[in-house]
Amino acid sequence: MKLDNMFKKTNSSVDKKGYITLGRSGPMVPEGLLRKCNKCGAAIIAEDVRRDNYICPKCGGYFRVHAYRRIEMLADDGSFQEWDSSLQGGNPLEYRGYEEKLEGLREKTGLTEAVVTGRMLINGSAAAVGVCDGRFLMASMGEAVGEKITRAVERATEEGLPLILFACSGGARMQEGIMSLMQMAKTAAAIKRHSDAGLLYISVLTDPTTGGVTASFAMLGDVILAEPKALIGFAGPRVIEQTIRQKLPKGFQRSEFLLEHGFIDGIIRRENMKETLSGVLKLHEKDNVVLPEEDGSSDRKQGYNGDGWDGYGLEDRDAWAHVEASRQADRPVGSDYIEGLFTEFTELHGDRHYGDDKAIIGGIARFHGIPVTVIAQAKGTDTKGNIERNFGMPSPEGYRKALRLMKQAEKFSRPVICFVDTPGAFCGLEAEERGQGEAIARNLYEMSGLKVPVLSVVIGEGGSGGALAMAVADEVWMLENSIYSVLSPEGFASILWKDSSKAKEAARVMKLTAGDLYDLGIVERVFAEPDSYTRETMGQTLDALDREISVFLHKYCSLSEKELTEHRYSRFRRM
Amino acid sequence: MIKKILIANRGEIAVRIIRACREMGIETVAVYSEADKEALHTKLADEAVCIGPAPSADSYLSMESIISATIVSGADAIHPGFGFLSENSKFAALCEQCSITFIGPSAKVIESLGNKQEARNTMTAAGVPVIPGSKEPVYTPQDGEETAASVGYPVIIKAALGGGGKGMRVAHTPEEFVTAFQTAQKEAQMAFGDQTMYIEHFVQHPRHIEFQILADQFGNVIHLGERDCSIQRNHQKMIEESPSAALSEELRKKMGEAAVRAAKAAHYTNAGTIEFLLEKSGNFYFMEMNTRIQVEHPVTEWVTGIDLIKAQIRIASGEKLSYEQKDVKLTGHSIECRINAENPEKGFLPSPGTVRDMHLPGGKGIRIDSAIYSGYTIPPYYDSMVAKLSVWAKNRKEAIRKMRSALGEVIIEGIDTNVDYQYAILNNPDYVAGNVDIEFIEGFEYKK
């Protein structure tokens, strides 16, 4: 039954003249009660938006935040001290109407210029901070903005403070012409000096970060974070479309796109921003945590009896059994060791050149309280995860991310701990195009000279150069059923015997088991595994690793930079 | 006088409100979600505005959309019905800010009655009995015994952090108290690592008795008698009736006066309901106040002859109550059964779908409030109640006979309903004898 237009309408019986007025005008929405979301178009209650970090309650879209509001959202109560609040720029091009325009904006926004700088505490950690305010000529960078940022960076360098800059800008300020362009060089140079002083810079990119700001201070953070869905790019999307006369794909130049392309370390939701920043700051504070003294095991070959592999239930298993065990589907993977051995792991993404390789996980964490850089080759725990992680076969961008994180560790004097588990570096067209060989070579070269302790633990497959690119370390350890070789047994058999089915025999002659490699002096320690080594049964092995890593750190952290690199050099020199 | 009302609801209650408006010559605006384009309320109203996608959160709970629809359609008042935004003080406040008449109490009153502790304090101050209990935490059996004596046996001992029945014991007599307290406390320590206990009077086998209130803006408050809603499953009422078989004229007067005191103490306006738990002993305790029209309002309308929706609109328009307490007489007996699209044999699994064909009963003393029609598809997103069948007769016995006859006539094809289950209750000897409490359904065995 269709009911369209079937019912008679109500005839208003209320005498239009005779009804009692209720002493009010008709319904209306008072000014400022509702506003429209510029992302989804929905009407929203303005108060809800203010209370919920300026996020649309309907679509989750982010509104831009005024500079002082942003500081209020981050700083401990009353801790913000503003710097250079009255600094203003000139009119270098004598551009007509510019001064009036600035004056008008000052009146309207209550700001003197497009950036607010100062010092504040975030959960007790002090930092120099600069926040752009998009209401002021889209926070474009002219002389005043460049100068305020530069002064803030210089003062941070002088006072030994970490630096946090919130970018939100259309780029260089056109009205100031070439003077604006020079601000890019000036801010970058100041940040270089800040970095050379060994200080931390966290850059936070908010919507929009484009042009000369992206191409200067915004992209230079030790850690670069972004708010979700922020527009970040050098050339604006409209300009690109007009130039190449093509429609740009959806999501182009958004935070998620940049994460995928390796340019930012992470996307942080606004409600988590304060905690994230405070966590990263604390990981970089020199709080002199001392490792508990560990005796360690004097037995450097746990599970190895000197004459040969004594088993642990593996008595009749030959090399091939080890190969199979190392590839077991339920064998613990890199992320299990990160979770089991470290706390406060903060993953950092991207190589800053091309992509973020999911076959390598890296970041900062604490080991018994001391900050360390952890990098692990990562297999998945199921088929879906394995496809995502490319079965643990890193691409060049993975090695470049690892190297970036190692260099970062060196800057902040953090030891580096690597976990190796790869069938080999990814073998494919794209990997070659982006220089797989170069990426591996670069890691061997740079790792040999890293001025911080480096430890590598082979936890599964140690496949050739792909493994070595994360194993130029002060010590290399292996788990009982891990393997480490120049090539897979299948590859070995196929090259030497033209028959890949002879992999079992190849495994026997290759000397790729932990026991063999210990005897050859390729690795320093071997760790026993229980009969069936899985996520559920890895506890004891983790305990042993935990103990020995403490001993390792005690030993190598006390060496000078020269002793460290000398030790590493001679370790490989004798091979 | 209000000229145009937007009904911020759906289903039978929206239809009920639209009908009252039609009779009063007030224009109506329905709001509907994308899933309710073909709903009866959408078709019956003079105008209809779509306020968003099917999920309630994006449509019937979207305050901004509803306020915008009100302004755009030129309505001067909103009737919130029940459920959705009806007891949302923030929504009522928004209406106030936008000079829209919210047909219900003020935002402030909704908020203070929505806060359990605040409501309890208001009631205690007004001399309305609340369930007696320890105001301070109790740690030792000695202190507990004293409290237990003052709140009156039987008592229930509860862990402050309790839940799921853990750390909870009932002591019927002072002799049982110490052991019960120690056991409960030990359990609380084991389960929650905390020994903080509270003691409350244990209300045994209570009935759910609620009083309908009308209050105008001039401080006049009357009650329209009680409803007995003891037949409920998982706190969902199934059958309601008025008057209650358990109330004497004297008790009705006593409880009614308490309800009026409660409403006055809360500075209540418009229609509201005070819920009580009633013990066999005749002791009754305030539970909460519902600040909206109730699903079961038809039974009160039957026995008092007062149209509650019209009364709500008149009060909201600023009119004085046109009756005094002495004018309110409960005549005859009324019973209401809620008809839900659900399958009692499959654990009351909701059964949305298309109503292929239907026949509903009629005749003297029979009323149907429903929003379904032949060919209507019940969407899966909302409440499963599809109709309310209510009857009136001169006494309870005849009302039960009428309800049985009416239920026996209901035919709704295409979906499963609880009609047969309701029919079985109407034939249960305990129900017929009026021998029920809120645990009735727990002990009820349904045989088709």
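What percentage of the 448 residues in chain B is buried? Buried residues make up 50%, where buried means that 20 or more other C-beta atoms, placed from the backbone, lie within 10 Å of a residue's own. Before you click on, note that this is a predicted model: local features need pLDDT of at least 70, side-chain atom pairs count only at pLDDT 80 or more, and totals for chains, interfaces and linings use all residues. Residues are numbered from 1 along each chain as its sequence is written, and chains are lettered from A and ligands numbered from 1 in the order in which they are written.

Now select chain B and colour it by secondary structure. You'll find 14 helices and 22 strands (DSSP runs numbered from the N terminus: H or I of at least four residues for helices, E of at least two for strands). The C-alpha atoms of chain B fill a box of roughly 65 × 55 × 45 Å along the principal axes.

Last stop: chain A. Select domain 1 (64–283) and domain 2 (319–573), with bounds from an automatic or database domain assignment. Their C-alpha centres lie 37 Å apart. Domain 1 of chain A puts 14 residues into the contact and domain 2 of chain A puts in 16.

Technical notes: Buried ≥ 20, exposed ≤ 12 C-beta atoms within 10 Å, placed from the backbone. Contact = placed C-beta atoms within 7 Å.
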